[in-house]
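Thanks for coming, everyone. I have one model to walk through today. Please bring it up on your screens.

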Amino acid sequence: TAIPAGGGIEITVPEGFQIDTNCELVQVRDPMAPPPPSLSCEAFLDSSLGLNGRLVLRLRADQGLVAAHHAFAVLSENPQSTLLNYPVTGTGNLDCGTLICWVFESFQFMANITNPSSVRLDYSTAAQGFDITRQMLEARIPTLTEEQRLGTGRDDRPGQANTLIFAIKLSQDATVDGEMLVRAPYGFTFEEECLSFVEVSESATFGPKVRFPEEFTVWPANVLISQCRGVDRSAHLTLTFQAGAMLKQNELYIFRIGIKSNPMVTPTFNRWIVQLAGEASEPIEGMTLWAFTQTSVEPITTARDRTLAGEVRTQNPLKFRLRPFNTIAQNGELHAVAPEGFQWVHEPSKACTTEIQELPYTYLGVYYPGFVWPEDDLVCLVDAVDSRKVTVRYRNARPISAGLNYLVVLSVYNPSEILSFNPTTWQISSYAANGGSLDSSHIEGFRLNEVMNEWYYSNADPADATQEVRNGGARLPAFSLRLRSPTTLEMGDEIQIISPSDFYLLDTLGKCRGFRWIDPTADVPVATFTPLPNSMVVCNASSITMYIMEPTPVERDYYIEFGLDIYNPLRTPPLTDNFWQCTVVSANVDQNGQRIIKASKAFQSWDIVPQLENLQVRLLGPNTAAETMSSISVEFTPVTTAEDIAILFNSPTEFDFTNARTEDDEDQVIFLVEGPLIRIRMAITRGVRTQIILRNVRLGKSGGQTDISITTWTGGLLQSGTWLPGTKQDERLAFRGGFRLPGKVEILYDKLENTYQRDPFTYPEQSMWSTQMGRPAYAEFHFHISVAAQVGDFLMISAAPYEPTRSIFTLVESPIGQSISSQTTVKRAVANEITTVFGGAIHVRLLEALVPFRRYEVITSVVAPTAQAAQDHGGTIQWFLETRDFGALPTNTNDGNSREFPIVEEYLFVVTAVRSTPLAEIIV
């Protein structure tokens, strides 16, 4: 329950404890605990409690106290005499179930000079106290030699499993079964079942074959540690004394216990406690954890450098992984020192490039994706005198946080000579913005080895041998790799090849994609050629291994070339993943059991031109015919973040964006139009689906499949009226997967006739009537199309609510030069067959093709709509003439742009006469 201002808490203290009258609440040792609440503290003796009275802490909440979990500590002095906190039953003190209890009560009104505390809020509660024990004579964590550390598995790195040795000296003999408690500082944890991690034997406590120090006493064999139970930072060990067994006073006994994990940082209160046989140690000073942990360095290549004069040296990006102990705040620095012979890659100005990445992690069940520092936030400089030294300063407000894992990428040039075959050692240090030293570690790295005599590639574009195939996702039809080893290849050796990330080397059968040996002496491929006839080649997704199984050694500098049928990734991989690596591994191993690297080399792969993913270009209408005004949708998933997009319709010709506008004219701003080219400034985010809708676009001429090129850009600039495009990001050139633009049906002549009008000689009076509603009629159209209609395509005519019939349908080719309807001229019929008359439309299959811009005449019988049907239609009645195949859009259409024929409603009348005498004048 929340405590209002003026209320507070009273704590009844167990007998014997002493607390200053003007007490103070301080932070508890648990680093995860909240800070102490803002309460004033006063200690007084309440004589009404017990024979001698009891000390009471009065915590006054002058500002109130919210209902929540609170934590605080109060400095106190333990009782003068020992006191075991044994369980109490029956009529004893049952507040907490043990002898020593701390009782808590909250009040709405705290006591003042005249009145005691009143109006209880929460029910009172009591917490069990702790034993008041004798003090051990001595307790400590012995300092170990390097041999002892290795022998016992001592590892003081943050977050690692560890083992600690404790030395304890009792003030009295211990002979009774009981419990030994080991309590660690906050942050350490023990295994729940920890017995297997306890060691007391003389032969193993300090490690196998490590001599037991003479200053310590061996744990008696007849004092058994029969059980160990870990609870967070406490370990409870059950001791069983056999007959006559004892732990003697004044003997410095040794035992070792395993730690499940060290804390991520050295605890602020770094003290350990051991309790045994009614005695407790003074707080034991703990160890300081190492600075950087989880350290490693991963190279792209371990080969010495061999660059011919005039060629570009091969840089070697290094991935440093580390976990800092101290947080590095804004404007802090990382310093790195390379081994002898290495040089950090840099420009003439000494500027270098680097990457710093916070790796993803999960904390308390919550996933955090990590963070990559922007390039502009990092300042990388190589020392002006010593190119083995580099400094990285970062200016981002986000800190490099203690306890998290980081990846730091720095590039070096390997030495041209191998000075030592021992592992290299790299020093990484961190400094605060004020220059204060933080963390420092020496990281054991890789060994140098010989370099391949040759390791390179060919990726020629068959359409232009001077160019490479670089488009994202494009097939590499002429890709090959070639190599020459500086050493002989012997039975059991392996050639291990690793591709850049996102290249996929396996086919659907689990074999190398299109693997083929290449004979350098042959002008045409030779299917039977193989430079390694007895060896085996095995691929997985991103690597190739050649298992050398030749009966005689393959001579050094032997030329090997092979091809693969693979595809480019969608985008350029990160620098550290964009290398083709080749390593020749010996069948022999070194003294550590590791296979010996005979030679290796790496080359940086080509930059990929990213292609827009899942590109869709759709014609929205309402008009779809060529040369009409319409709307277009462009939808895609960008591979790279960009700031503007260029859309160019290559064909059909004469697309025009002059009057175009975007649907979202606030966030998608058109800033450049040149006929079929339009550029739009907008936010384009990598991986985020993006759609652009363009209205008032003049569609291209004639019709046909569209060919579209789309590119995205950053950093463009309008200078002196000319647009400088900036840096290209993604592209999709000559894209033909969009819509097919329908050709245009142009109606040259049209009329609607009734039955009488078709035979005026027989029906001279009726032929003067207009077509009547609900009566048969005949629609005639003369037209031409702009795109050929093929055999098997359909001619569709509709004009709802007219209902076509099968009574009459003719399709003929007009004689050249004829422009009006004629029933006397003989015209060539176009072969066709009616397939369906349904839903207000007639579909006719063409049995011969319709030629573009040739005049055709069609007559189809229909039933004119009734007056009610025309009224229900509610608008202009449009006649659609289209040719169709099975595509989403027609091959030709008039978009319903036709004249509306006049039709009239029939009315009835009756003629009557009073008399009808022949030759007489009558009244009607």
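I will go through strands, then aromatic rings, then salt bridges, then one surface patch.

This is a predicted model, where local features need pLDDT of at least 70 and side-chain atom pairs count only at pLDDT 80 or more, while totals for chains, interfaces and linings use all residues. Residues are numbered from 1 along each chain as its sequence is written, and side-chain values use heavy atoms, with hydrogens and water left out.

Strands come first. Here a strand is a DSSP run of E with at least two residues, numbered from the N terminus. Two strands count as paired if DSSP finds at least two bridges between them.

Next, strand 37 (residues 479-484). Is it enclosed or open? Of its 6 residues, 5 are buried, so strand 37 is largely enclosed by the rest of the structure. Buried means under 20% relative accessible area, exposed means over 50%, and partly exposed is in between (1.4 Å probe, protein chains only). Strand 34 (residues 454-461) runs antiparallel to strand 37, joined by 6 bridges. There, Ser458 has Ser480 as its bridge partner. Strand 42 (residues 560-563) also pairs with strand 37, antiparallel, over 4 bridges. Leu483 is opposite Ile560 in that pairing.

Now strand 28 (residues 378-382). Side chains in a regular strand alternate between the two faces of the sheet. In strand 28, Leu378, Cys380 and Val382 make the covered face, and Val379 and Leu381 the uncovered one. A hairpin of 6 residues leads from strand 28 to strand 29. Strand 29 (residues 389-394) pairs with strand 28 in the antiparallel sense, over 5 bridges. Leu381 stands opposite Thr391 of strand 29.

On to the rings. The whole structure holds 42 aromatic pairs. Phe, Tyr and Trp rings (for Trp, the six-membered ring) pair if their centres lie within 6.5 Å; planes under 30 degrees apart are stacked, over 60 edge-to-face, and the rest tilted. Consider Phe342 and Phe446. Their ring centres are 6.0 Å apart and their planes stand at 85°, so the pair is edge-to-face. Phe342 is in the loop between strand 22 (333-337) and strand 23 (343-344), and Phe446 in the loop between strand 32 (437-444) and strand 33 (450-451), so the pair ties together parts 104 residues apart in sequence. Both Phe342 and Phe446 are buried. There is also a cluster linked by ring pairs, including Trp455, Tyr457, Phe479 and Trp580.

Salt bridges next. The whole structure has 40. The cut-off is a side-chain nitrogen of Lys or Arg within 4 Å of a carboxyl oxygen of Asp or Glu. Lys169 and Glu138 form one, 3.4 Å from N to O. Lys169 lies in strand 11 (residues 162-169) and Glu138 in strand 10 (residues 138-140), so this pair ties together parts 31 residues apart in sequence. Glu138 is partly exposed, at 24% relative accessible area. A salt-bridge network links Glu138, Arg140, Lys169 and Glu215.

Then Arg775 and Glu906, a salt bridge with its closest N and O atoms 2.7 Å apart. Arg775 lies in the loop between strand 59 (743-754) and strand 60 (776-785), and Glu906 in the segment after strand 68 (892-893), so the pair ties together parts 131 residues apart in sequence. Arg775 is partly exposed at 39%, and so is Glu906 at 35%.

Last, the surface. Met32, Tyr363, Leu364, Val366 and Tyr368 make a nonpolar patch of about 540 Å². Patches use residues with over 30% relative accessible area and no salt bridge; like charges are joined within 9 Å, nonpolar side chains (Val, Leu, Ile, Met, Phe, Trp, Tyr) within 5 Å. Areas come from the Shrake-Rupley method with a 1.4 Å probe, and for residues only the protein chains shown count as cover. Tyr368 belongs to strand 26 (residues 366-368). At 32% relative accessibility, Tyr368 counts as partly exposed.
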